[in-house]
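Dear colleague,

I am passing on to you the structure shown here, together with its sequence.

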Amino acid sequence: MSTVQKEVDERTNLTTSNKFELLLFRLGTTPNSEHRELFGINVFKVREIMVMPTVTAVANSTAHMMGVTNIRGQVIPVINLPAAVGCVPQTGLNILLVTEYARTTQAFAVEEVDEIVRLDWNQVLSAEASTSAGGLITSIARLDGDVHNTRLAQVLDVEQILRTVMPPPGPEITDESVGPRVSLPQGSVILAADDSLIARSLIEKGLSTLGTPFIMTKSGREAWDKLQDLAAKAEAEGKPVSSKVALVLTDLEMPEMDGFTLTRKIKQDARFRSIPVVIHSSLSGTTNESHVKTVGADAYVGKFVIEELADTIRKMLRLAKPTAQ
């Protein structure tokens with residue numbers, strides 16, 4: 001087996017233990033500090049790292065869009081990542097990160113790549129209560145663990161950045177795009193989990209348009225705790241948990257507990273295993289989609305195509321209906 005294949009297998013297997021790898025890089029200084037802070041992105045999203053190639057400016061581009069570059073025959077949009085998050089590079093835009101996100105390819109210009117670190121999702125905490133970054137930072141990674149004065153890295157919300165720099169054309173979520181509404185049994189909800197602010201707002205709008213009651217959570221840990229609460233209520237009423245939760249919709253990359261771990265815990269618990277679990281993630285590609293099946297997920301939907309998400313939810317609820325009632 002080649003070294004490359006071994007590395008791919010190792011990184012794929014990390015998901016069985018609530019671990020992941022974070023690519024660390026620097027974007028420059030901010031108006032509030034002369035220190036060049038660390039930022040991070042999941043290695044699974046990074047296709048390639050290269051020295052900055054020639055970039056061709058495109059007329060009438062949006063703010064922070066540098067232009068496009070040709071990489072082995074593929075024309076890829078290039079985003080000025082420091083500018084998008086309010087940083088000023090001290091040595092220039094030297095490195096290009098080519099990424100795959102939600103079935104699209106784009107590149108981010110950065111000042112410097114630092115290293116790749118292997119972390120447990122328990123080392124990553126939600127940033128919403130501790131920063132005012134306007135939704136651009138999903139979480140803070142404690143690189144040295146839960147120790148005093150640990151190094152910190154800000155994990156970027158790629159979904160938010162892309163939608164700001166390259167907004168999709170026209171309205172995305174309408175009655176027509178969502179299709180027929182869905183009626184859940186009385187008292188039942190869809191339990192959803194996603195750490196991205198923009199993703200949660202899109203999911204909430206989609207589920208509301210679909211007509212399904214839902215509970216939205218910000219991490220796998222929060223979703224698991226909520227599932228325990230609903231199980232206790234169902235037991236007190238002498239009902240199965242499926243009478244409270246019709247379906248679980250979860251992201252993969254989340255602080256504290258990722259979607260792989262959440263799905264595995266659900267499917268290994270006799271109380272919950274009949275509840276359909278739909279993975280909704282920007283980690284596209286056949287490797288990630290096939291690995292989703294190994295943890296027991298019932299379906300995988302790439303972010304964010306509302307027609308596919310709505311169709312998948314309807315299909316899963318139809319299949320689960322005999323068990324849920």
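Predicted model: local features only at pLDDT ≥ 70, side-chain atom pairs only at ≥ 80, totals over all residues.

To begin with the cavities, seven of 30 Å³ or more are found when the whole structure is searched. The largest cavity holds about 190 Å³ of space. Its lining consists of 21 residues, of which K45, T138, L156, D195 and E253 are the closest to the centre. By class, this lining has nine nonpolar, five polar and seven charged residues. Five elements each contribute at least two residues to the lining of the largest cavity: the strands β1 (19-26), β2 (38-42), β10 (137-142) and β11 (152-156), and α3 (158-165).

In general, the strands of a sheet pair through backbone hydrogen bonds, in either a parallel or an antiparallel manner. Here, β1 and β2 are paired in the antiparallel sense, over five bridges. L22 is placed opposite N42, a residue of β2.

I turn next to α3, which was named above for the lining of the largest cavity. This helix packs with helix α5 (residues 197-210) at an angle of about 80°, and the two axes lie 7 Å apart. Since angles of 65 to 115 degrees count as roughly perpendicular, α3 and α5 are therefore roughly perpendicular to each other. On the side of α3, the contact is made by E159, Q160 and R163, and on the side of α5 by I198, A199 and L202. Three nonpolar, one polar and two charged residues make up this contact of α3 with α5.

Two points in the backbone remain to be reported. K303 and F304 are joined by a cis peptide bond, with omega at about -25°. F304 is located in the loop between β16 (299-302) and α9 (306-324). Elsewhere, N60 has a phi near 60°, which is a positive value in a residue other than glycine. N60 belongs to the loop between β3 (46-51) and β4 (65-71).

With kind regards

Terms used:
Residues numbered from 1 in each chain as written. Heavy atoms only, no water. 1 Å grid on protein atoms, 1.4 Å probe; cavity = no way out; pocket = protein on both sides within 12 Å on 5 of 7 lines; lining within 4 Å. Points joined across faces, edges and corners; volume = space filled by probe spheres on them. Helix = DSSP H or I, 4+ residues; strand = E, 2+ residues; numbered from the N terminus. Nonpolar A, V, L, I, M, F, W, Y, C, P; charged D, E, K, R; others polar. Pairing = 2+ DSSP bridges. Axes fitted to C-alpha atoms, helices over the stretch in contact; angles between N-to-C directions. Parallel < 35°, antiparallel > 145°, perpendicular 65-115°, else oblique. Contact = heavy atoms within 4.5 Å.
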